[in-house]
Amino acid sequence: MSDFTVNMNEYLPLRDLVFNTLRQAILKGELKPGERLMEIQLAEKLGVSRTPIREAIRKLELEGLVLMIPRKGAEVAKISHKSLQDVLEVRGALEELATDLACQRITDEELESLRKAEAHFKQVVSSGGNEMQIAEADEAYHDIIYNASGNKKLVQMINNLREQMYRYRLEYIKDEAKRGTLISEHEKILEAIRLRDIIRAKALMKEHIDNQEMTVSRNLEEGEDEDESAKSKAGTHTQKKA
């Protein structure tokens with residue numbers, strides 16, 4: 001198990017600290033997809049009782065980051081093609097609606113904030129920021145568009161998907177070759193919103209989300225091929241030893 005610890009914060013209850021610690025460990029890949037989450041082991045590692053561990057695992061299951069397997073227990077959810085498609089189909093529809101409304105309702109102040117967020121994202125990528133920093137800058141850019149929609153219910157629905165979206169956002173950003181594409185897409189979306197060109201802005205946002213799905217799907221397929229190749233080699237080695 002990777003080396004992660006609870007970051008104590010006097011303003012948060014222990015159960016929330018444990019939840020945040022485990023969530024970040026999953027998002028950062030410190031807890032790997034398919035890895036078992038043993039309550040006793042985690043409790044000892046984090047220096048807490050099993051109760052906040054159990055509560056955190058339940059919340060992580062609701063967010064889709066953990067799966068409960070019958071007669072086996074909890075494990076970190078794997079990123080599957082189906083779950084990727086499900087999340088990004090919903091995200092795509094909500095983002096297109098948010099973009100449509102933002103084109104109509106964005107204020108000059110919000111537009112300036114979007115310009116700054118786009119510039120900050122470009123700066124973080126150009127300066128070699130790590131995956132978490134780039135993901136957070138990307139999230140901040142999109143948040144401004146969501147809020148500029150002026151629709152609180154829409155923002156709430158998007159926030160309910162935030163953690164699952166963040167996981168796929170990280171997977172996409174791991175592909176360094178795509179970071180320049182992200183910068184270009186952000187610039188084009190910003191310009192379309194500035195011109196209040198609803199049709200173009202929505203089309204650009206759809207392309208933005210579709211590119212993410214295609215890239216992550218391809219990376220998943222490559223990862224599966226590598227796993228199969230490793231298993232095949234391991235099986236061949238075992239047969240030779242026998």
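1. Basis. The model is predicted: local features need pLDDT of at least 70, side-chain atom pairs count only at pLDDT 80 or more, and totals for chains, interfaces and linings use all residues. Residues are numbered from 1 along each chain as its sequence is written, and side-chain values use heavy atoms, with hydrogens and water left out.

2. Build. The protein has 10 helices and two strands. Helices (H or I, at least four residues) and strands (E, at least two) are DSSP runs, numbered from the N terminus. Along the sequence the pattern reads α-α-α-β-β-α-α-α-α-α-α-α.

3. Contacts and surface. Residues 24 or more positions apart account for 74% of them.

4. Burial and cores. Of the 242 residues, 43% are buried. Buried means under 20% relative accessible area, exposed over 50%, partly exposed in between (1.4 Å probe, protein chains only). The largest nonpolar core has 53 residues. Such a core is a set of buried Ala, Val, Leu, Ile, Met, Phe, Trp, Tyr and Cys residues joined through side-chain atoms within 4.5 Å. Leu22, Leu31, Leu37, Leu46 and Ile53 have the most contacts inside the largest core. Its largest share, seven residues, comes from H1. Another core, of 17 residues, lies apart from it; Leu111, Tyr141, Ile145 and Leu204 are among its members.

5. Helix H3. This helix covers residues 50–62. Its 13 residues should span 18 Å at 1.5 Å a residue, and the end C-alpha atoms are 19 Å apart, which agrees. The expected span is 1.5 Å times one less than the number of residues. Pro52, Ile53, Ala56, Ile57 and Leu60 are the buried residues of H3. They fall within an arc of 140° seen down the axis, so they line one face of the helix. That arc is taken from the directions from the helix axis to the C-beta atoms. Arg58 and Leu62 are exposed on the other side.

6. Around H3. The cover over its buried residues includes helices H1 (14–27) and H2 (39–46), and strands E1 (66–69) and E2 (73–76). Just after H3, glycine 64 takes a positive phi of about 80°.

7. Glutamine 212. This residue is found in helix H10 (residues 198–241). Glutamine 212 counts as buried because its relative accessibility is 3%. Leaving aside neighbours within four places in sequence, glutamine 212 is in contact with Leu88, Arg91, Tyr168, Arg169 and Tyr172.

Note on methods. Contact = heavy atoms within 4.5 Å.
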